[in-house]
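Hi everyone, thanks for making time. Let's have a look at this one together.

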Amino acid sequence: MEYEINTFDKLLSICKEKNKKIYEIMQEKEAFDFETSVENVREKVYKNILAMKSAIKNGIKSKEKSYSGLCGDDCNKLVERYKNKKAIFGSIFENIIKYSIATMEENLRMNKIVACPTAGSCGIVPAVIVGLSEAIDLDKEEEINALITAGTIGYIVSSKVSMAGAVAGCQAECGVASMMAASAASQIMGANEEQIIQAAALAIKNLLGLTCDPVGGLVEIPCVKRNAFFAVHAITAAELALADIYSKIPPDEVVDAMVQTGQLMSPLLKETSKGGLAYTKSGICISKEIVGKYANGS
Ligand code: SF4
């Protein structure tokens, strides 16, 4: 199906016109654009889900630190905590924060992850899809549907702005990942197409202006923990949308606001490590230690 889909309005109108779900429209578009079958598209998506699950599994087992030594053992701390304690919001919450950090720690160990949309925000979508899938026992097809929907949201946003902290701040990385995860979560929980898009809009609306200020220029501080926070944020957005609590600013305009906010953001807060957390006294100190470590090759 030859569709040009670059706004949420357009996506919704196609869904209505064809009486199809978001994932159905997108898988047909992908099959058409890449001259393949819908079955092949879905199998490719499933390979990504398997890779996400594998990163989670490996991340939960490992305590290995990153080369900088700054991060790598936080997931293990959660694993230890939950051996004899319950998370405040129960086991789904427990798994979602654990899985997001497990995946990000695999990323900083340079192991295989699925960038969704970027490596720095790779923990959010897998944590939400896999966490919910385990909780309510989704089958393979439902997992695929959820990831295609999440990908559709990212696809539309990417037609307006580059998903890079260096271009639009962390709102374009963790923010977009949270949008994608919110759409997947709402779909998994039975949302209609409008609610799915609203979930995405609510998620990014409450992350506008999120700066990219990684300490020492490494995708570690604050990135790892940020993934856990915005995986949970996605669930809040999904819950609101499922209750028909919508954004008063239409979803496409919310994305426009995100793009404009990125343009207005100081370059000091866009992955240059010259502002925000990276430029605190401790951030600079950590950065100098890392530079020394790399210079010594130790
Ligand atoms: S703070 Fe910057 S480097 Fe870290 S995840 Fe966000 S956008 Fe990526």
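Let me start with a term: I call a residue buried if 20 or more other C-beta atoms lie within 10 Å of its own, exposed if 12 or fewer, and partly exposed in between, with C-beta atoms placed from the backbone. Helices (H or I, at least four residues) and strands (E, at least two) are DSSP runs, numbered from the N terminus. Please keep in mind that this is a predicted model, where local features need pLDDT of at least 70, side-chain atom pairs count only at pLDDT 80 or more, and totals for chains, interfaces and linings use all residues. Residues are numbered from 1 along each chain as its sequence is written.

So, is helix α10 mostly covered or mostly open? It is mostly covered, with 12 of its 13 residues buried. Among them are I196, I197, L202 and I204. The helix runs over residues 193-205.

Stepping back, the chain has 13 helices and zero strands.

Now the inside. A nonpolar core here is a set of buried Ala, Val, Leu, Ile, Met, Phe, Trp, Tyr and Cys residues joined through C-beta atoms within 7 Å. The largest one has 88 residues, and V128, A181, A182, A184 and A234 touch the most other members. Helix α11 (residues 223-242) gives this core its largest share, 11 residues.

Last, the ligand: which residues are around it? Among them are C170, C174, C212, C223, R226 and E271, counting a residue as near if its C-beta atom, placed from the backbone, lies within 6 Å.

Methods: The expected span of a helix is 1.5 Å times one less than its number of residues.
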